[in-house]
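I want to see who pairs with whom and how much solvent each partner gets.

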Amino acid sequence: QTDVCESADWYNSKFIVSMASNMNMTRTPDVHFISEARTEGTKFVVLSPDFSQIAKYCDEWIPIQAGQDTALWMAANHVILKEYYIDRQVPYLIDYVKRYTDLPFLV
């Protein structure tokens, strides 16, 4: 889904994940930014139960089943928090967590 940035920003990305979106069908005018970003070295992963039209652009297709997407993102968040908050203290993440999240209250 692309509710955060403009599609032209995909060109500036280094890693893009497409989930629950078939951009060839729903974002036809914007899909060229994916192939242009890949030309610049961006890694592109598609999470989709079917090998959709957008999956032909990807570096890796992860064929998840319905309901697995939440578990996958929870696992990704677990790795990020463990590696950048518990195992190795990164000042930027610690400051961000303290300012903008309720994580300190959850511990």
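Predicted model: local features only at pLDDT ≥ 70, side-chain atom pairs only at ≥ 80, totals over all residues.

Starting with R99: I looked up its relative accessibility and got 58%, so R99 goes down as exposed.

Next, what does R99 meet in a salt bridge? The partner is D95, with 3.0 Å from N to O. D95 itself comes out at 36% relative accessibility, so I noted D95 as partly exposed.

Moving on to K82. I found K82 in a salt bridge with D87, and the closest N and O atoms are 3.0 Å apart. Is K82 buried or partly exposed? Its relative accessible area is 35%, so I put K82 down as partly exposed. For D87 I read 52%, which makes D87 exposed, since the cut-off for that label is over 50%.

Then R27. I have R27 paired with D30 in a salt bridge, the closest N and O atoms lying 2.8 Å apart. R27 has a relative accessibility of 23%, so it counts as partly exposed; buried would have needed under 20%.

Last entry, the tally. How many salt bridges does the count give? I get four. My notes above cover R99 with D95, K82 with D87 and R27 with D30, which are among them.

Note on methods: Residues numbered from 1 in each chain as written. Heavy atoms only, no water. Salt bridge = Lys/Arg side-chain N within 4 Å of Asp/Glu carboxyl O. Buried < 20%, exposed > 50% of the residue type's maximum accessible area, 1.4 Å probe, protein only.
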